[in-house]
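Dear colleague,

Please find the structure below, handed over for your own work.

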Amino acid sequence: MGWIRIKNMVFHTFNGVLPEEKRLGQRLEVDVELNFPIEKRVLHDDLNETVNYAAVYQVVEAFIQTHNYNLIESLANRVADTVLAKYSQIQTIKVRIRKYAVPINGIFDHVEIEVEKQNA
């Protein structure tokens, strides 16, 4: 089983609980990992045999730019659902979202959440 990974997509979004997050927005970084039987499906060097990761990027970007949630956990779940619904050949998806502007009184780099879902 193979994995296709799109790492560190960066989007300016208006997700968050606080009024400032909804008004000013913030940067989120997103990783998507797609589990796909590359060794069985990609036999002829043909784009139609695989998952077009440029198209997956566009699906993720369009969704994130048009949906706002209080929780990045909700955003990650919905991104995963959206990609799985569009690409039935994907067996498992992992979505990671990193948020740097988190209102925590402490020193840290970022908060990251990860969801993993399987296609029905």
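**Salt bridges and a helix**

The side chains of Arg27 and Glu29 meet in a salt bridge, with 2.1 Å from N to O. A salt bridge here is a side-chain nitrogen of Lys or Arg within 4 Å of a carboxyl oxygen of Asp or Glu. Please note that this is a predicted model, in which local features need pLDDT of at least 70 and side-chain atom pairs count only at pLDDT 80 or more, while totals for chains, interfaces and linings use all residues. Residues are numbered from 1 along each chain as its sequence is written, and side-chain values use heavy atoms, with hydrogens and water left out.

The two partners of that first pair are placed as follows. Arg27 counts as partly exposed, because its relative accessibility is 45%, whereas Glu29, at 4%, counts as buried. The cut-offs are under 20% relative accessible area for buried, over 50% for exposed, and partly exposed in between, with a 1.4 Å probe and protein chains only.

Glu29 also forms a salt bridge with Arg98, where the closest N and O atoms are 3.0 Å apart. This pair links distant parts of the chain, since Glu29 is in strand β2 and Arg98 in strand β3, 69 residues apart. Strands (E, at least two residues) and helices (H or I, at least four) are DSSP runs numbered from the N terminus. Arg98 is itself buried, with a relative accessible area of 8%.

A further salt bridge joins Arg96 and Asp31, with 3.9 Å between the closest N and O atoms. Arg96 lies in strand β3 and Asp31 in strand β2, so this pair ties together parts that are 65 residues apart in sequence. Arg96 is buried at 11% relative accessibility, and Asp31 is buried at 5%.

How many salt bridges does a search of the whole structure find? The search finds 11. A network of salt bridges links Arg5, Arg27, Glu29, Asp31, Glu33, Arg96, Arg98, Glu112 and Glu114.

Leaving aside residues up to four places away in sequence, Arg98 touches several residues, including Asn8, Leu28, Val30, His110 and Val111. Contact means heavy atoms within 4.5 Å.

Trp3 belongs to strand β1 (residues 2-13) and is partly exposed, with a relative accessible area of 30%. Among the residues that Trp3 touches, not counting those up to four places away in sequence, are Glu33, Leu34, Ile38 and Lys94.

Finally, helix α4 (residues 72-86) has 15 residues and reaches 21 Å from its first C-alpha to its last, close to the 21 Å expected at 1.5 Å a residue. That expected span is 1.5 Å times one less than the number of residues. Which residues of α4 are buried? They are Ile72, Leu75, Ala76, Val79, Ala80, Val83 and Leu84. These residues cover an arc of only 160° around the axis, which puts them on the same side of α4. The arc is that of the directions from the helix axis to the C-beta atoms. What covers the buried residues of α4 includes β2 (26-36), α3 (53-66), β3 (92-99) and β4 (111-118).

With kind regards
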